[in-house]
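Dear colleague,

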Amino acid sequence: MKNIIFVAPPAAGKGTCSEKLTKDFGYNHISTGDLLREARIKGDDLGQKVAQLMDSGALVSDDIVLELLQRELKGMDSNQAFILDGYPRNISQAKTLDELFKELSINEYVVIYLNIDFDKALSRTLGRLICPKCKIGYSKDSASLKPKVDGICDNCGGDLITRSDDNEETFKIRFDGFMKETEPVINYYQEKNKLTIIDATQDVDTIVKEIERVI
Ligand code: AMP
């Protein structure tokens, strides 16, 4: 099985697809957004800095994210395929990842670009709920992604929350940041013949079937 790198604008479904791929195929899900959310919970100097940047919709600095990611990649079982969700987000991170893969002898990977337009991604963002404990994502608006009981995680019974950066104002900054900083990453992987483009407005089962074809 090949490793997967997801490149996508906010709310395209990286997290939801990762959950399904992890469940169905045993992938190790590495989300830089989740790693940063864990770092901010600690509330130390680094956590406060991360919280401020995330809530403003800006990217966290490359060196902070790299440190968290490196720890995760180096600490994982090298026989288990992984999903990288949220990294790389700019060309500099893509080049750093090439070096890291070289160092760790990781050669087999595909890059999945989940394509979605601004309006659909915004509406998904405003309907999104997450479980802070299990990290599972839900949607208030989608029949297939609604929790069984309103506001409660199906998995652990905990209270679901809205992410602090899931509001219209921050979404616009994040989407704009994607177009400016992350879109060039798509061309970078296209030139390396690593890219598969998938319509992210399809349901999660259809998207995962399309991913299955390339892993
Ligand atoms: P996500 O959970 O992927 O939507 O990420 C949430 C937020 O975490 C982003 O808006 C950024 O502030 C930050 N973040 C996640 N991944 C990265 C990354 N690779 N580089 C910089 N910031 C990141």
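K135 lies in the loop between β5 (128-130) and β6 (137-139), where strands (E, at least two residues) and helices (H or I, at least four) are DSSP runs numbered from the N terminus. Its phi is near 70°, a positive value in a residue other than glycine, and K135 is partly exposed, with a relative accessible area of 30% (buried means under 20%, exposed over 50%, partly exposed in between, with a 1.4 Å probe and protein chains only).

Please bear in mind that this is a predicted model, in which local features need pLDDT of at least 70 and side-chain atom pairs count only at pLDDT 80 or more, while totals for chains, interfaces and linings use all residues. Residues are numbered from 1 along each chain as its sequence is written, and side-chain values use heavy atoms, with hydrogens and water left out.

A positive phi also occurs at A11, near 65°, in the loop between β1 (3-7) and α1 (14-25); A11 is buried, with a relative accessible area of 10%. The peptide bond from Y87 to P88 is cis, with omega near 5°, and P88 is found in the loop between β3 (82-85) and α5 (91-103). Most residues other than glycine have a negative phi, and most peptide bonds are trans.

As for the ligand, a polar side-chain atom of T32 lies 2.8 Å from one of its nitrogen atoms, and a polar side-chain atom of R89 lies 2.9 Å from a ligand nitrogen, both being polar contacts (N or O atom pairs within 3.5 Å).

Best regards

Notes. A polar contact is a pair of N or O atoms within 3.5 Å; within protein, one must be able to donate a hydrogen and the other to accept it, and residues adjacent in sequence count only if both atoms are side-chain atoms.
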